[in-house]
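Please look through the model shown here before reading on. The paragraphs after it lead from one part of the chain to the next.

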Amino acid sequence: MTKTLNLIAIRCLFLFFILFVLFFNNGAFNFLDIVMHYFVPLQKAMVFWVGEHILHRTEPIDPQFNGSGDTSYFYVLLLVVLLLSILGTIIWSAIDYKRSNHKRIFYWLVVVLRYYVGFMLIHYAVAKLHNGQFPSPSVGGMLTTYGDSSPMGLAWRFMGYSDGYKHFMFVAEMMGALLLFRKTTTIGAFLSLMTCLNIMLINYFFDVPVKMLSTALVIMCLIILSPNIVRLFRFFFMGMNVGLDQFNPPSFNANWQRVTVVLVKYVAIVFCALIPLGAKFYTIATDDKGDLKKSLYGAYRLSKLTWTEGTPAIDSLYVSKGWNVIGFDSYDRAIIKYGDNETIYAKSEIQLATKSMKFSFWEKPDSIYNLTYESLKKDSLVLKGILLGKPVVISLKRKEFELTKRKFRWVNEYPYNR
């Protein structure tokens, strides 16, 4: 009876995580995105049906992906995966009653989870490079107060501030590569568990909407470690000599089977790990670090704003409320702080050849203002042109941020905590 229950449980676990990997691939197996594209209509149909007939939702479920992995659509999809796993287990058990070897099923489950977690962590590691997942603080971010930050925004700015810490995270997540090889699976799962647990807790406590996936990665690491958890406890806490389960694969009688398994393994490693990693390093090597636009990026305090032919009759850009700071950010974005720390945004297309820029405020995108710029000194900027139908001269002085000005120091006579 116990063996039968174990077999049924392993079958259900196997089906659940196989379906989870297919439906929540998230770039781990990049080739699956092409295959699963054809199943998206069926997937949506199942989610809508479960939402309407089982959950009795009155509101429509939005399937559009918007960067969040914890939408109603994905939670209902998770329920679909669970229901399909239970149904599949019933059919499997009815057709193949007691004939399957639960150890062999568990072995192939661990293989799938090893590669899924390994490729996912490598995917995360690659994203840490070159201002990817955690970009360095933008001008807009620097002009946002702590109190106006969302918990997720605060976490992103904290981790994006330090390139050294991002490189450390890159190394920690690259340890997931140890999961791709059978003999290093246990140490890889142990290190990956620590990394995934940290990711999960950040997602939980800073309200990052990737809670479902990060929780699944932690559970997967525990499943991979499960054959050796007792052995590890005896080794670390009882000082006993132990031998680890090496996840011995099932034997293949035919030579073509052995060759196929090895070939599939290394093709997957090349396409899911080495190519994305190589592409990222190529981007870093070929990036134009001498972009002159970057010399203009930053925040500037407004020193003086002068209308040369009288003030405008209509003020729709809050000039009369007193502009305090103008920031030029990457992606041709400008941020203006006015009044009591209020904010308006604009698009600023900088033309290096003519030393000019085009402004179009977000609230009036059709109104384009042409300004020329002149750098009188390293820390100052003068803008001239037509604004609100009147000639204007705007004198700016670069604003320094304590966060970027303060550098690493070995000796600190007192804590510099501000």
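Predicted model: local features only at pLDDT ≥ 70, side-chain atom pairs only at ≥ 80, totals over all residues.

Residues are numbered from 1 along each chain as its sequence is written, and side-chain values use heavy atoms, with hydrogens and water left out.

Helices (H or I, at least four residues) and strands (E, at least two) are DSSP runs, numbered from the N terminus. Ser85 belongs to helix α4. This serine is buried, with a relative accessible area of 0%; buried means under 20% relative accessible area, exposed over 50%, and partly exposed in between, with a 1.4 Å probe and protein chains only. Leaving aside residues up to four places away in sequence, Ser85 touches Cys12, Leu15, Phe16 and Leu19, where contact means heavy atoms within 4.5 Å.

Aromatic rings come next. A pair of aromatic rings is described by the distance of the centres and the angle of the planes. Rings of Phe, Tyr and Trp (its six-membered ring) pair if their centres lie within 6.5 Å; planes under 30 degrees apart count as stacked, over 60 as edge-to-face and the rest as tilted. By this rule the model holds 25 aromatic pairs. In one of them, the ring centres of Phe14 and Trp92 are 6.1 Å apart and the planes stand at 70°, so this pair is edge-to-face. The pair links distant parts of the chain, since Phe14 is in helix α1 (residues 2-23) and Trp92 is in helix α4 (residues 72-95), 78 residues apart. Trp92 is partly exposed, at a relative accessible area of 22%. For Phe29 and Phe31, the centres are 5.9 Å apart and the planes lie at 55°, so the pair is tilted. Phe29 counts as buried at 10% relative accessibility, whereas Phe31 counts as partly exposed at 41%. One aromatic cluster is made up of Phe16, Phe17, Phe20, Phe24, Phe65, Tyr73 and Phe74.

A ring can also have a charge over its face: this applies if NZ of Lys or CZ of Arg is within 6 Å of the ring centre and within 35 degrees of the ring normal. Arg406 lies in this way over the face of Tyr416, at 4.1 Å from the ring centre.

Further along the chain, two helices pack against each other. Two packed helices are described by the angle between their axes and the distance between the axes. Axes are lines fitted to C-alpha atoms, for helices over the stretch in contact, and angles run from 0 to 180 degrees between N-to-C directions. Helix α7 (residues 151-161) meets helix α8 (residues 163-174) at an angle of about 95°, with the axes 5 Å apart. The two helices are therefore roughly perpendicular to each other; angles under 35 degrees count as roughly parallel, over 145 as roughly antiparallel, 65 to 115 as roughly perpendicular and the rest as oblique. On the α7 side, Met159, Gly160 and Tyr161 meet Asp163, Tyr165, Lys166 and Met169 of α8.

Two strands pair if DSSP finds at least two bridges between them. A closed barrel of 8 strands runs β1-β2-β3-β4-β5-β6-β7-β8, with antiparallel pairing. On average, neighbouring strands of this sheet are turned by 30° against each other, direction ignored.

Several of the pairings can be followed in order. Strand β2 (residues 323-329) and strand β3 (residues 333-338) run antiparallel and are joined by 6 bridges, with Gly327 opposite Ile335 in β3. Between β4 and β5 there are 6 bridges in the antiparallel sense, and Ser348 has Phe359 in β5 as its bridge partner. These strands form a hairpin with 4 residues between them, and Lys355 in the turn has a positive phi of about 50°. Lys355 counts as partly exposed at 47% relative accessibility. Strand β5 is mostly covered, with 5 of its 6 residues buried.

Finally, β7 and strand β8 (residues 390-398) pair over 8 antiparallel bridges; in their hairpin, which has 2 residues between the strands, Leu388 takes a positive phi near 60°.
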